[in-house]
Structures are given as structure tokens and as C-alpha cells.
Amino acid sequence: MGLPWEEIEGRFCYEVTHNLKDMCGPPYHECPMLKTSETGRKQVTEHTHHDKEGNEIYAEVSTFPIKDENGTFTQVVHVSRDITERKKAEGLIRDSEERLTQIINFLPDPTWVVDNEGKVVIWNRALEKLTGSKADDMVGKGNYEYALPFYGERRPVLIDLVRDWSEEYEKEYLSIKKEEENLVAESFHPDLGHGNTYLLATAGLLYDASGEATGAIESLRDITAMKEAEIELQKLSRAIEQSPTAVVVTDLKGTIEYVNPKFTDLTGYSAKEAIGKNPRVLKSGKHPREYYKNLWDTILSGKEWHGELCNRNKNGDLFWEYASISPVRNAEGEITHFVAVKEDITKRKQMRQELIEAKRAADEANMAKGDFLANMSHEIRTPMNAVIGMSHLALKTELTPKQRDYLNKIQSSANALLGIINDILDFSKIEAGKLDMESVDFNLDDVLENIANLVTVRAQKKENIEVLFSTAANVPRFLKGDPLRLGQVLINLSNNAVKFTDSGEIVISSQIVKEDKDRFTLQFSVSDTGVGLTQEQISRLFQAFTQADTSTTRKFGGTGLGLTISKRLVEMMAGEIWVESEHGKGSTFIFTAVFGRGSEKEKKQLVPSPDLRGIKVLVVYIQNNPGRLWRRGSGGTGKGARRRPL
């Protein structure tokens, strides 16, 4: 108390210990001396005293009753022990614990602390957020109850294992690793946090100043994003490892850092042999220096390079690969590596070369065939012309009816054979690429007039066929192109129409479908009322040497080349050809062709006003259907059909 005995002796205790002038009252009613006096029992408590300057002194106070020989309570012994330093130390400890609690609460990672008995001492806010369990409900819990928010059952967790670690645990818990004095483990929790959460746990013991364990601490870290990225990376790694294409990763200098198994299969170099080397070990010398320079310039500029490379494997054999080389950038956008994905195209290159050689051989064979057909056609046509000419002259002499019949059949057969030969000759020229298109000025009326003269000769042999021409008024008459080939297509289609039509009509039409400055696209059609075609017949109609009726007893002859030749000629005139038909109801063959504008001026024609209303007209016509001529605007018959404006 800082007082000498002389100042203490004879004074009241409240004067000495508390600097009070009156007897202790509240808050001193718990005075141990009073309680001992009242109860006659020993009292031990902590009390606050004051020295003569008024400073507080923490003391541990013990009071004992003293009795005489009769057992009567006579005195009280008051023993005080100064515990001021201990109380200060305890205060520091409490402050330290409070700061530790605040620090742990501040941590972003879920963290909790247990004491040696396994009871929760600290349960921080991050852990509250993760588990949904409040600290007020968890502090003081033991008996593995803190495992309930994680697993739904009481069970040892990492913080328990670190408090009672045994080497046997390493075999029992394969996912737990011991890192110095701490334990580390990963765990998966399907219902924790946002669901399907991966946690990385770290647990360690806590010690006091003397080195005695006072408890344990466990900290958790949400590694879900990292784990998912790791899983995706593993998938990617497996995909690369099992990829059917070779994958190579190099640094900026081209030094190989990674190759997949397919690279080893392709080159013969193992990963150990390849890593650290430069891809130039595969160079075959088949590419010029500039080829590789362009490759490096491209990828160093940040672009992808695609191309074929001829390389040499470990055994010295050449192989071809198609490579795609891309730059790899870091988070700052800087190029750090290059990755090459390379596909073995050796067999493809060989097949391509074989196809080129096969095509060359086929082209040569085709040209030889075309030359042969052309030569044979010329050789056959020369005597055929003689047969036709001599039979024609013989028919002008006096003959018996039987002789005339024989000669007519000879001439008819010779003309048919000559037509076949001409078809073969044209086809061979087209196949050999020797058929040229002319570009001359011509009059469309002359072409149609010639067709009318030729078609009517064949139509005369059938009594019930009408041949009609319908040309739109805006169709230009003077054109620039190949009139011979245009006429050849129209004659071919018209002759087919006559061949396959026994009665009814054949209509040859033309109209303009497109007009540019100096170019016209005209559409021509040849319609008939003949046998018609099925869809299956239409599908193979324009194939060489193919006819709609392929039976051995077919009614109509021919080589099956006419439509094929017509199709090729139409395509050479920058057009297309197609057919619209219904079996038993006739067919319409339609084609387009492109022509230039002719330089010759159109001759003046005597054309009446298109408005004929109110004008009397006398029509004399000996055929069955004169009204159709008026509807179409032009017409003719099988006997002397002509095209003329009305």
C-alpha cells in the first residue's frame, strides 16, 4: 500500500485500503472481511485497493475468522496478495484474443478455431456466409457438431485430425497431405455455398508461449473456379494427348517445349528427343528459304499461318503435313509461345497426284477416242455421201416399182446413217474440245425459216401433225452469235418432237427474257403433244447414248446423242436447257441462249396495226384449227408451214 506500519496501526481497514473515512458501503458491500465477520467463514476473492496516492492495486484477498478457546468468533485475519501485474497480463491477453478474433473475422477465407477439448472458440463471418450457420450458434459446440454444416453428420474433420495426428491417417485419408506441421486436403460439397463447391482446407495447431498446444485452427478456400478450370484443362490435355493430329508447342525462338504422342508417331522422334530441339530437324529441303521466312513473319506479327510442309522423319523418309501455326498470348496480350497443329496428308497428296495422272491419262484417252471417232466418221461419211448421191441419181432414171422401192429404202437408210455419223462427229468434237462457236451477225427469221422447211419435210409423213411458230413481237431479229449451232439445237428438238408425236401439234416458240446494253438472253421452247416422259426418264435424258425407251424392242431409233449434243451446245451459248413433261400428254423442251446485238438494220416489214378491232378480215385456211393461229399470232402446218406476222 506504500504505507509504513506506523501509519497503518490503529486505523480502520477501509481507511488504509480505500482511503475512505466512513465504513465500506456499496459498492464495497461485498467486502470479504464483512462477509467473514457475518458468516464466520473464510472468504477468497479479488479486490481493488488504493494506495495513498489513490492508484488502484489489484489484490487477491483471503479473510479468515479467529476464534477463542470457546469457539467464539473474535477476530478476522485479512491477507492481501498484490496481483496487479497478473491482472494487467490477463488484460493484455484478453485484448490480444479480441484482436485475434477481429482479425480472424476480417479474413476472407472461412476460418474457425477450437480449443483442446474440441469446442468452437471462433467461427468467423466468412464461415457464416459459406455454411449459413451463425457464430452465436456454433461457438461452444463440440462433439464434431461443427461438421454438420459441411457433411450433415458428425464426423472428424481436418481440424480434429491435426489435433490427434497419426501416421496411419495417411493410408486412411488418401486426399490429406501433411505439409510440415499442417494438414492440407481438398473436398467436394454438392450442397455448400452456391452448390458443387470445391474447398481447399488447411489446419494447424495453436500453441501458447510455453509451447503447449492450446487448440487448433482450420482455414478454407473456395477453389471451385480453379478446380473447374483444372478439369477443363485436363479434358483439353487428354484431347491433345489423344488427338489424331500432331501438336507442337514452342517458345518465341522456336524451341520445342511440348509434343503430343501423334507427333512421335508421325516423325519417329520421342518427346524426350524432340523437347529442346528446333522444328528445323524435320526440314526436308523441299521448300525455299522464302517459304519459311513468310511463315515466321506471319506468326511473329500475331497472325495464323496455314500451309503444307514437306518434312523428313527420323528414318529419313519424306512426309507431307498440313500445318496451322498460331501465336499464344499472355494476359497482357504479349506473344509467349507458338502452337502448331499438323495433319498428316501424305496419303492425300499421293492420291491427289494419282488422280492428276489418272485424269491426264483419261484426257489423253478421251482425246484419242475423239480423234478416232472423228477420223472414222470422216472415213465412213465419204462413201456414205457416194451411196446417197448415187441412189439419188438412180432414182431419176426409169425404174421398175420394185427397183424404186429398193433405192428409196437405200437412200432413207443412208440418210439415217449419215445423221448418226454426224451426231457422233459433233459429240467427238465436243468431247475433244475442238468444237468452236462462231460469232457472226445473222437474222433470226432466216434460222426459223430454215427450221420450218426442214421440219415440215418430216412432218409431211404424218397426216395429223400441225407445226406452229410463235415469236414474241419484242424479240430482236438481228443478232450476233452462231446461227448454225442455234439451228442445230432447234432442229434436233423439233425432229424429236416430230418423231415422238403421232397427232396434235408441235409449237416452236421464242421470247426475250433479259436485255442488257448489247446482249440478249432469248428463251426457245419446242412443245409437242406426243408420248411424254416419266420423271425417271427425265432424270437420265441428257446423258450420252441414252434414250427414254431403252428396251430392245423400242419403237424409235437414234443414237441417244442428240439431246446430249444440244445440252453441250446450249451451254456453249451461255444458256441452259431443261424439259417439262407429263407421261402421255406431251413434252416441252426449253433452253436459253445469249446473243449480241446484230449490226445489220432490220428490213421494213408490212405489219398492220396491232389493234384489229372493227376491221373486216377474210381468212382462207384449209387445216383443222385456224383459230389457234390467231391466238398465237403466227402459224403454219405440216404441209408448207411458214412463219409470218398476221
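Of the 646 residues in the protein chain, 37% count as buried. Buried here means under 20% relative accessible area, exposed means over 50%, and partly exposed lies in between, with a 1.4 Å probe and protein chains only.

A word on what we are looking at. This is a predicted model, where local features need pLDDT of at least 70, side-chain atom pairs count only at pLDDT 80 or more, and totals for chains, interfaces and linings use all residues. Residues are numbered from 1 along each chain as its sequence is written, and side-chain values use heavy atoms, with hydrogens and water left out.

Now confidence. pLDDT is the predictor's confidence in each residue, on a scale from 0 to 100. The chain has a mean pLDDT of 81, and 82% of its residues reach 70 or more. Residues 550-554 have pLDDT below 50, and that stretch has three contacts in the model beyond near neighbours in sequence. Residues 624-646 also have pLDDT below 50, but this stretch has 65 contacts beyond near neighbours in sequence. Contact means heavy atoms within 4.5 Å.

Next, the overall fold. The chain holds 20 helices and 21 strands. These are DSSP runs numbered from the N terminus: helices are H or I with at least four residues, strands are E with at least two. Take the contacts between residues at least 6 apart in sequence: 52% of them join residues at least 24 apart.

On to salt bridges. How many does the structure hold? There are 19 salt bridges. The criterion is a side-chain nitrogen of Lys or Arg within 4 Å of a carboxyl oxygen of Asp or Glu.

Start with Glu-273 and Lys-314. Their closest N and O atoms are 2.7 Å apart. This pair links distant parts of the chain, 41 residues apart: Glu-273 is in helix H12 (residues 271-274), and Lys-314 is in the loop between strand E12 (305-312) and strand E13 (318-329). Glu-273 is partly exposed at 31% relative accessible area. Lys-314 is partly exposed too, at 42%.

Then Arg-597 and Glu-515. Their side chains meet in a salt bridge at 3.8 Å, N to O. Here again distant parts of the chain are linked, 82 residues apart: Arg-597 sits in strand E21 (residues 587-597), Glu-515 in strand E18 (residues 503-515). Arg-597 has 40% relative accessibility, so it counts as partly exposed.

Another pair is Glu-582 with Lys-585, at 3.5 Å, N to O. Glu-582 is partly exposed at 45%, while Lys-585 is exposed at 59%. There is also a network: salt bridges link Glu-186, Lys-227 and Glu-230.

Now the second largest pocket. It has about 600 Å³ of space. Of its 23 lining residues, the closest to the centre are Asn-278, Pro-279, Tyr-292, Leu-295 and Trp-296.

For the method: on a 1 Å grid over the protein atoms alone, a pocket is an open set of points with protein on both sides within 12 Å along at least five of seven lines, the probe is 1.4 Å, and lining residues have an atom within 4 Å of a point. Grid points are joined across faces, edges and corners, and the volume is the space filled by probe spheres set on the points.

Which element gives the largest share of the lining? That is H13, with seven residues. Strand E10 (246-251), helix H13 (289-300), E12, E13 and strand E14 (335-344) each supply at least two. By class, the lining has 12 nonpolar, four polar and seven charged residues. Nonpolar covers Ala, Val, Leu, Ile, Met, Phe, Trp, Tyr, Cys and Pro; charged covers Asp, Glu, Lys and Arg; the others, Gly among them, are polar.

Two single residues next. Gln-511 lies in strand E18 and is partly exposed at 37%. Leaving out residues up to four places away in sequence, Gln-511 touches Ala-472, Val-475, Thr-521, Leu-522 and Gln-523. Its C-alpha is 6.7 Å from that of Phe-524, 13 residues along the chain.

Ser-133 is in the loop between helix H5 (125-131) and helix H6 (135-138). Is Ser-133 buried or exposed? At 17%, Ser-133 counts as buried.

Last, backbone angles. Tyr-144 has a positive phi near 65° and is not a glycine. Tyr-144 lies in the loop between H6 and helix H7 (148-151). Glu-180, not a glycine either, has a positive phi of about 55°. Glu-180 sits between strand E6 (176-179) and strand E7 (182-189), in the loop, and is exposed at 74%.
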